[in-house]
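Thanks for coming. I will take a few minutes to walk through one structure, starting with a term we need along the way.

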Amino acid sequence: MRKILFASSEVHSLIKTGGLADVSASLPMALRQHDQDVRIIMPAYRQCIERLTDTQTVAIIKLDGIHEPVEILQSTLPDSDVMLWLVHSPFHFDRDGGPYSQPQGGDWEDNAARFSVFSRVIAAVAINQADLNWRPDILHCNDWQTGLAPALIAEHPHRPAIIFTIHNLAYQGLYSRDVFEALNLPEKLWNSEGLEFYGLMSFMKGGLIYADHITTVSPSYAEEICSYEFGYGLEGLLSYRAQQGQLTGILNGIDHNEWNSETDPYISKTYSIKTIRNKAVNKLAVQRYFSLPEKEEMLLMGVVSRLVSQKGIDLALDAVTHLLELGANIQLVCLGSGEPAFEQDLRVLRARFPDKVGVDIGYNEPLAHQIEAGVDVFLMPSRFEPCGLNQLYSLRYGTLPIVRNTGGLADTVVDAIEENRTNNSATGFKFELSTPEALEETLYRVMDLFKRPRIWRKMMVTAMEQDYSWENSAASYLQLYDDLLD
Ligand code: ADP
C-alpha cells in the first residue's frame, strides 16, 4: 500500500469551478478502491467548512511571517472513505466568493498569498513536519495553486516522490517580483531554472521544474504543450522534460456513479442502451424547461461550459447564428457562466430566436445532467482542451459530441466520416480549424446524418459503449507511482 498525499485547490462535491474538482474527487476515490492510503489536502474555504459538520482539528502549524497559526482540520470526502485534510487559515480562505474570485467577479487580490500558504502547508505535511505522524511516499500536486510545494521541499533529504499534474497550462499563477519578496520565499528560488519566468514569478514553474514527473490529462495535450502554439513560453522546459521521459499524458476518467444515464436522479427518465428510446423523454423535458417547442424530430444541440474564449463559445455563437439566420431547423440550449460579453451575446441570441434558443446563465449541476441526457448533440468547439469531461459525459449519455480536433477531445471522440461509420467506431463529429466556418460545415454534416436515424442510433450505441471510467486512469497513475518509487 502506498501513502499518497493528493493536493488540490478544488474538490467536488465541496467546491468546484471546473474539471479539476471532478478529478480531485474521482481519482482519490479510485485509488482508495485499489487499497491505497490516499489523503486529500485542500484549502478550508467557507463553503467546505459549512458543508462538513464533523471536522476535527488534528494539527496546528506556525508558518514564518504568518501571524495566525494555521490549523489542519480532518474530515472525510462526502460519499467516500477518503480522508480529507483542510488547511484552515480563516484570514485566507474563510470568506464568501469563489475559490479564486471575489463574489462580484475578478480574482482575489491576495491569491498569491493564499496559495503560498496552501503550498507551504502541503510542503510541511509532505515531509511529516505537521505533527500528523504520517509520511507520504508520493506527493501528487495539481495545477499552479499547489506549485510552490514541490519547490519548497525539492532538496529535503526525506521528501516523497513528487508528481505534478497540469490540468490547464493557461492558468499559471504569474506574479511580480514584489509579490515574490512579500511571500518570504527562499531567494535561491528566484532564477530562470527556478520560479522566475521572464521577470515574473510563476507558481506553475514550481511544479514543472521541481516535480520528479509531470503528467497532464490527455496524451494529445501532453504533445501540444511542447509546442509554441500551446506552451505559453514553457514549451522549451516541457519538451526537455518530455525528452527525459518525465512528461506523460493520462486521460481523465469520469465518475460512473455520478454520470450514469441508468441511475441519474436528476433526469426525467433513466435509460440504457437497451432502453435508448427513453432518451427522447429527456429531450422533451429540456425543450420544456427552456420554453422551446417540444419537438422530438428537431435537432437539439447543447452547451454546458465556462463561457471563456478557450471553449470556443464565440465560434459556436457565430456558426449557430448564421445557420439560424438561414432558417435552419435546429435548437440550441446553453448553460454556463463566465465572461460578461459571452453571457450577453447568448442572451441576445435568445432574444432574436426565442423558439430556437434557450439560455441559462449560471452554474447548475442538475440542469447540466438534464442537458446531457436531453440533447442530441453536445457542442464543444474548444480552441484547446487539456482533457474535457463533458464530451465524455456526452458519450456516456448517447449524446454525440461535436468537438474541435485538439487535446483530450482528439483522443476521445471518433469522427463520423464514412470509414469510421462503416467499421462502427464513429462516436461524434470533429473539425480542425478554429473558425466558425469549419464548425458550420460540420453542423451541416450533423444535420444530414440526423436525418438518417439508423446510422444515428448506431453511433449513439457505440458512444454509450465507450469506457472512460477511472479504472484505466487510476491504473496508469498507480503504475507511475510504482515507477517513481522504484
Ligand atoms: P473545464 O475544467 O475547463 O471547465 P471540463 O470539461 O474539464 O472543463 O469540466 C467542466 C466541468 O464543469 C464539467 O463537470 C461540467 O459539467 C461542469 N460545468 C461547467 N459549467 C457548468 C455550469 N454552468 N453548470 C454546471 N456544471 C458546469
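When I say that two residues touch, or are in contact, I mean that they have heavy atoms within 4.5 Å. Please also keep in mind that this is a predicted model.

With that term in hand, take Leu73, which is found in strand E4, residues 70–76. Leaving out residues up to four places away in sequence, Leu73 touches Thr55, Gln56, Thr57, Leu84, Trp85, Leu86 and His88. Trp85 is 12 residues from Leu73 along the chain, and the C-alpha atoms of the two are separated by 5.6 Å. Is Leu73 buried or exposed? Its relative accessible area is 6%, so Leu73 is buried, the cut-off being under 20%.

Now the overall layout. The protein chain is divided into domain 1, residues 3–253 + 470–485, and domain 2, residues 276–465. Taken over C-alpha atoms, the centres of the two domains are 33 Å apart. Domain 1 puts 20 residues into the contact between them, and domain 2 puts in 19 residues.

Next, the nonpolar cores. The largest has 93 residues, and within that core Ile41 and Ile166 touch the most other members. Which helix gives the most to this core? That is helix H4, residues 111–126, with 10 residues. There is also a second, separate core of 73 residues, and Val217, Leu307, Leu349 and Val377 are among its members. Going back to Ile41, its contacts beyond four places in sequence include Leu5, Phe6, Trp85, Val87, Phe118 and Ile122.

On to a pair of helices. Helix H18, residues 436–450, and helix H19, residues 453–465, have axes that come within 7 Å and cross at roughly 110°. H18 is therefore roughly perpendicular to H19. On the H18 side, Val446, Leu449 and Phe450 take part, meeting Pro453, Ile455, Trp456 and Met459 in H19. By class, this contact has 7 nonpolar residues, no polar ones and no charged ones.

Last, some backbone details. His12 and Ser13 are joined by a cis peptide bond, with omega about 5°. Ser13 lies in the loop between strand E1 (3–7) and helix H1 (19–33). Asn133 is not a glycine, yet has a positive phi, near 55°. Asn133 sits in the loop between H4 and strand E6 (138–142), and at 71% relative accessibility it counts as exposed. Tyr232 also has a positive phi, near 50°. Its place is the loop between helix H9 (228–231) and helix H10 (235–243). At 37% relative accessibility, Tyr232 counts as partly exposed.

Conventions:
Residues are numbered from 1 along each chain as its sequence is written. This is a predicted model: local features need pLDDT of at least 70, side-chain atom pairs count only at pLDDT 80 or more; totals for chains, interfaces and linings use all residues. Side-chain values use heavy atoms; hydrogens and water are left out. A nonpolar core is a set of buried Ala, Val, Leu, Ile, Met, Phe, Trp, Tyr and Cys residues joined through side-chain atoms within 4.5 Å. Buried means under 20% relative accessible area, exposed over 50%, partly exposed in between (1.4 Å probe, protein chains only). Helices (H or I, at least four residues) and strands (E, at least two) are DSSP runs, numbered from the N terminus. Axes are lines fitted to C-alpha atoms, for helices over the stretch in contact, and angles run from 0 to 180 degrees between N-to-C directions. Angles under 35 degrees count as roughly parallel, over 145 as roughly antiparallel, 65 to 115 as roughly perpendicular and the rest as oblique. Ala, Val, Leu, Ile, Met, Phe, Trp, Tyr, Cys and Pro count as nonpolar, Asp, Glu, Lys and Arg as charged, and the others, Gly among them, as polar. Domain bounds come from an automatic or database domain assignment.
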